[in-house]
Amino acid sequence: MTITVAGVQKEYEDGINVAKLIELEDVETPEYVTVTINDDFVDRGAFESTIIIDGDNVEFLYFMGGGH
Amino acid sequence: MAFTNEQLERYSRHIILKEVGSKGQKKLLDSSVLIIGAGGLGAPAAMYLAASGVGTIGIADADEVDLSNLQRQIIHSTNDVGKAKVLSAKETMEAMNPDVTVNTYRTFVSSDNIMDLIKDYDFIIDGTDNFPAKFLINDACVMAKKPFSHAGIIRFKGQLMTYVPGQGPCYRCVFKNPPPKDAVPTCKQAGVIGAMGGVIGSLQAMEAIKYILGIGDLLTGYLLTYDAINMEFHKIKLPTYTHNCAVCGDNPTITELIDYEQAECDGVL
């Protein structure tokens with residue numbers, strides 16, 4: 001399947017869930033990442049049960065605490 | 001109030017813009033912006049707002065200028081080391097533009113003082129470096145119905161989003177609760193490239209100016225991220241409304257401000 005991850009089109013095998021994509025994408029601080037699929041938040045509790053499908057647009061949003 | 005000849009010259013590049021004009025410049029001079037944190041983000045934001053002629057600028061920070069600040073906090077100079085940051089920032093802004101009234105608040109923001117601090121300002125800029133302050137600013141602005149710009153910077157990355165009451169998600173819609181202490185690195189631990197504050201802090205000033213002028217599209221409903229290494233800006237669309245948000249949702253569970261515990265390494269704003 002072809003999905004868009006952080007604005008980039010990528011090929012992944014069918015049937016992977018959000019938790020697996022987080023692993024495959026080597027997401028930094030995966031315990032605290034916020035995920036959207038097609039502009040909707042995915043609840044943290046649903047990372048295992050949410051299967052990514054062809055054409056999905058996935059974004060990872062990270063805590064960024066600095067500023068001083 | 002009519003412009004003086006000096007003001008007409010000072011703001012001529014604004015006044016010539018059809019989106020600003022003399023009417024817009026008057027709006028800027030009549031407006032007020034509070035900057036929380038006179039650091040990497042707050043420094044460039046404060047300087048552009050002062051130069052633009054935002055008439056009243058509040059600046060809140062409890063810190064003193066440290067030599068390690070100067071690689072990015074361009075509102076302070078070598079001679080300011082040891083001076084209160086709010087005083088150093090005020091001196092710089094007043095030297096840049098005598099039209100600006102600068103109010104200084106040498107304090108940490110907390111649940112005790114934030115509502116008082118924000119109440120008289122049109123727009124708030126979050127230039128803090130820790131999650132307890134970022135969540136506090138978000139919740140206070142939601143409760144007081146104040147627009148604000150959130151931003152964060154670390155290493156070669158930055159991000160920002162704008163909250164306007166009733167026009168899109170708040171910071172807590174995206175990031176539900178602060179991460180545990182030390183779970184996510186701070187600038188002090190991880191470093192930050194000095195010019196990152198310039199890029200992102202200037203974008204925060206731009207959002208404040210657009211909000212005051214009532215022009216263009218704000219970063220409401222979006223998180224903008226910037227990666228300097230790959231030289232990529234990326235605009236992430238957020239859900240229009242988060243019904244279950246604990247502070248701005250349909251049935252808020254957070255109705256009082258919370259003072260979260262701060263990470264040990266950044267005990268000040």
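A residue is called buried if 20 or more other C-beta atoms lie within 10 Å of its own, exposed if 12 or fewer do, and partly exposed in between, with C-beta atoms placed from the backbone. The model is predicted, so that local features need pLDDT of at least 70 and side-chain atom pairs count only at pLDDT 80 or more, while totals for chains, interfaces and linings use all residues. Residues are numbered from 1 along each chain as its sequence is written, and chains are lettered from A and ligands numbered from 1 in the order in which they are written.

View 1. A:Thr29 is found in the loop between helix H1 (18-24) and strand E3 (34-37) of chain A; helices (H or I, at least four residues) and strands (E, at least two) are DSSP runs, numbered from the N terminus. A:Thr29 counts as exposed because it has 12 C-beta neighbours inside 10 Å. The loop between E3 and strand E4 (40-42) of chain A holds A:Asn38. Because A:Asn38 has 14 C-beta neighbours inside 10 Å, it counts as partly exposed.

**View 2. Helices H3 and H10 of chain B pack against each other.** H3 (residues 21-29) and H10 (residues 194-213) of chain B pack at an angle of about 115 degrees, with their axes 9 Å apart. Axes are lines fitted to C-alpha atoms, for helices over the stretch in contact, and angles run from 0 to 180 degrees between N-to-C directions. Angles under 35 degrees count as roughly parallel, over 145 as roughly antiparallel, 65 to 115 as roughly perpendicular and the rest as oblique. H3(B) and H10(B) are therefore roughly perpendicular to each other. H3(B) passes H10(B) in a right-handed crossing; a crossing is right-handed if the near helix is turned clockwise from the far one by less than a right angle, and left-handed if anticlockwise. On H3(B), the residues B:Gly24, B:Lys27 and B:Leu28 meet B:Ile209, B:Ile212 and B:Leu213 of H10(B). These residues divide into four nonpolar, one polar and one charged, where Ala, Val, Leu, Ile, Met, Phe, Trp, Tyr, Cys and Pro count as nonpolar, Asp, Glu, Lys and Arg as charged, and the others, Gly among them, as polar.

**View 3. Helices H4 and H5 of chain B cross at roughly 30 degrees.** The axes of H4 (residues 42-52) and H5 (residues 85-96) of chain B come within 9 Å. H4(B) and H5(B) are therefore roughly parallel to each other, and their crossing is right-handed. H4(B) makes the contact through B:Ala46, B:Met47, B:Ala50 and B:Ala51, and H5(B) through B:Ala89, B:Thr92, B:Met93 and B:Met96; two residues are in contact if their C-beta atoms, placed from the backbone, lie within 7 Å. Seven of these residues are nonpolar, one is polar and none is charged.

**View 4. The largest nonpolar core has 76 residues.** A nonpolar core is a set of buried Ala, Val, Leu, Ile, Met, Phe, Trp, Tyr and Cys residues joined through C-beta atoms within 7 Å. The residues with the most contacts inside the largest core are B:Val33, B:Ile35, B:Ala46, B:Leu49, B:Ile57 and B:Ile124. Leaving aside neighbours within four places in sequence, B:Val33 has contacts that include B:Leu49, B:Ile57, B:Phe123 and B:Ala208. A second, separate core has five residues, including A:Val18, A:Leu21, A:Ile52 and A:Val58.

**View 5. B:Ile114 lies in helix H6 (residues 114-118) of chain B.** B:Ile114 counts as buried because it has 26 C-beta neighbours inside 10 Å. B:Ile114 and B:Leu257 are 143 residues apart in sequence, yet their C-alpha atoms are 9.2 Å apart in space. Beyond its neighbours within four places in sequence, B:Ile114 is in contact with B:Val109, B:Leu136, B:Ala140 and B:Leu257.

**View 6. Chain B touches chain A.** In this interface, 32 residues of chain B are in contact with 16 residues of chain A. By class, the side of chain B that touches chain A has 17 nonpolar, 11 polar and four charged residues.
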